[in-house]
Amino acid sequence: MSETASATDSTPFLQTQYSDYHQFERTGTVWTAVAHIVTGVIGSGVLSLAWSIAQLGWIGGPLAMLLFASITLFTSFLLSDTYRSPDPENGPTRSSSYLDAVNLHKGEGNGRLCGVFVNVSLYGFGIAYIITAAISMSSIQKSIIYRGVGSEPTSEAGDAYNMLIFGVIQIVLSQIPNFHNIQWLSIVAAIMSLGYAFTGMGLAVVKVAENGHVEGSTKGIPTSSEMAKFWLVAQALGDIAFSYPFSVILIEIQDTLKSPPPENVTMRRASTISVIITTFFYLCCGCAGYAAFGNDTPGNLLTGFAQSKPHWLVDFANVCIVIHLVGAYQVYSQPLFANFENWLRFKYADSEFVNHVYPLHVPLLPAFELNFLRLSFRTAYVASTIMIAMLFPYFNQILGVLGGIIFWPLTIYFPVEMYLSKCNIEAWTAQWVMLRTFSIICFLVGMFTLIGSIEGIVTAKIG
């Protein structure tokens with residue numbers, strides 16, 4: 001499950017393969033929705049949460065996580081009421097995706113603006129996944145060398161080579177025509193994400209037991225100046241925001257639910273259960289990591305266990321990360337591929353380069369359909385994400401930037417605006433003022449995290 005776009009014929013750039021959801025019988029329940037949300041939300045962002053809590057301290061860290069969880073749950077309630085129109089329970093008009101709902105309630109102009117944010121976030125996820133996969137691949141290599149010679153290699157060049165290796169794999173996989181052909185990859189990725197997250201949490205708990213005490217303080221990791229602390233807090237909040245990319249997939253999940261009971265009622269229950277589960281899991285991972293490492297908490301939790309025993313378990317967790325991110329890169333890139341390619345096919349309907357498909361038959365392999373547009377665009381797309389990842393290989397800062405970009409527009413602004421429009425809430429009424437104030441405060445938080453994370457990238461690059 002991933003972010004998608006509108007199925008409106010007049011806006012082909014926002015059109016995706018998900019518009020055919022309406023052709024299928026809806027059989028989803030509250031528990032299938034919970035499963036979709038939990039596996040869609042828990043990802044590589046969980047590895048940064050111990051570092052985030054370490055910056056904020058034992059009081060600020062958990063409180064910040066609970067705050068973002070509450071905000072996400074509240075906006076999911078607003079979104080669930082925009083699925084059907086005009087009535088949230090019995091309205092005849094349905095939305096099949098987040099952007100479909102934006103187009104319906106706010107018009108094409110807002111739909112295009114929302115599409116820009118969605119596609120930028122999809123592109124950013126690809127960059128983040130390359131960086132994370134390279135870190136895990138390097139950790140596996142260092143672990144093998146450490147067991148062989150008794151010391152870790154000091155060269156950092158391996159990360160760049162691992163990014164190239166990961167990129168070559170993605171260039172090959174990106175030639176898969178559409179999302180429906182990679183559902184098996186999505187299932188494997190979800191299993192892997194749970195595997196490394198539980199392993200990281202378990203290793204942290206074991207380390208706390210070995211230490212015999214809990215590390216950390218209420219103020220978090222000390223810094224050389226108050227301004228340095230200020231920016232690190234911003235990055236930490238951005239990483240936490242990145243860990244709740246939930247709102248943009250809610251409408252798609254709701255479109256799978258059977259009725260009765262009304263879909264918005266089922267979705268509210270599923271959202272509540274899912275946020276409780278993920279927040280509990282995040283708190284366990286983040287707090288266990290901070291308790292284990294204290295002021296030495298690494299940006300990526302698993303890198304702190306490079307010399308821990310059993311070595312095979314740490315290597316297993318890193319392998320799980322790489323496998324997960326191989327699938328996750330495609331899950332988040334395929335909708336963007338479809339958006340751009342559908343737009344070009346609509347605009348250049350007579351172009352052989354854009355539309356013609358050449359069947360290829362390779363011995364021992366399934367028949368493959370070659371399209372020159374798909375080959376050239378997707379190869380260039382993957383190459384561009386590799387290039388940016390190599391230029392800015394900063395795990396926590398990149399996650400913070402993505403969290404800052406996604407948080408306000410996609411989690412707050414559009415859900416609030418759609419709800420105000422759909423419910424015809426008049427200006428300056430109590431509900432209107434409360435929702436507008438909520439949106440403005442969240443905008444300031446989002447800008448704080450975005451600016452702080454960009455400052456972190458600039459500082460890291462200069463340093």
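**View 1. Cysteines without partners.** A search through the whole structure turns up zero disulfides; a disulfide is a pair of cysteine sulfur atoms within 2.5 Å. Take Cys284: the nearest cysteine sulfur belongs to Cys285 and is 7.0 Å away. Cys284 is partly exposed, at 25% relative accessible area. Cys423 also counts as partly exposed, at 35%. Buried means under 20% relative accessible area, exposed means over 50%, and partly exposed lies in between (1.4 Å probe, protein chains only).

This is a predicted model, where local features need pLDDT of at least 70, side-chain atom pairs count only at pLDDT 80 or more, and totals for chains, interfaces and linings use all residues. Residues are numbered from 1 along each chain as its sequence is written, and side-chain values use heavy atoms, with hydrogens and water left out.

View 2. Rings of Phe, Tyr and Trp (its six-membered ring) pair if their centres lie within 6.5 Å; planes under 30 degrees apart are stacked, over 60 edge-to-face, and the rest tilted. The count comes to 22 aromatic pairs. In one of them, the ring centres of Trp58 and Tyr290 are 4.9 Å apart and the planes meet at 40°, so the pair is tilted. Trp58 sits in helix H2 (residues 49-80) and Tyr290 in helix H8 (residues 263-293), so the pair ties together parts 232 residues apart in sequence. Helices here are DSSP runs (H or I, at least four residues), numbered from the N terminus. Trp58 is partly exposed at 25%. Tyr290 is buried at 0%.

**View 3. Two tryptophans.** Trp428 and Trp432 have ring centres 4.8 Å apart and planes at 50°, so this pair is tilted. Is Trp428 buried or exposed? Trp428 is exposed, with 70% relative accessible area. Trp432, at 14%, is buried.

**View 4. An aromatic cluster.** One cluster is formed by Tyr123, Phe337, Phe340, Trp343, Phe377 and Tyr381.

**View 5. Charges over rings.** A charge sits over a ring if NZ of Lys or CZ of Arg is within 6 Å of the ring centre and within 35 degrees of the ring normal. Arg268 places its charged end over the ring of Phe77, 5.1 Å from the centre. The charged end of Lys461 sits over the Phe392 ring, 5.5 Å from its centre.

**View 6. A nonpolar surface patch.** Ile440, Phe443, Leu444, Met447 and Ile451 make up a nonpolar patch, with about 440 Å² of accessible area together. Patch residues have over 30% relative accessible area and no salt bridge; nonpolar side chains (Val, Leu, Ile, Met, Phe, Trp, Tyr) are joined within 5 Å, like charges within 9 Å. A salt bridge is a side-chain nitrogen of Lys or Arg within 4 Å of a carboxyl oxygen of Asp or Glu. Areas come from the Shrake-Rupley method with a 1.4 Å probe; for residues, only the protein chains shown count as cover. Met447 lies in helix H13 (residues 430-462) and is partly exposed at 32%.

Terms used
Helices (H or I, at least four residues) and strands (E, at least two) are DSSP runs, numbered from the N terminus.
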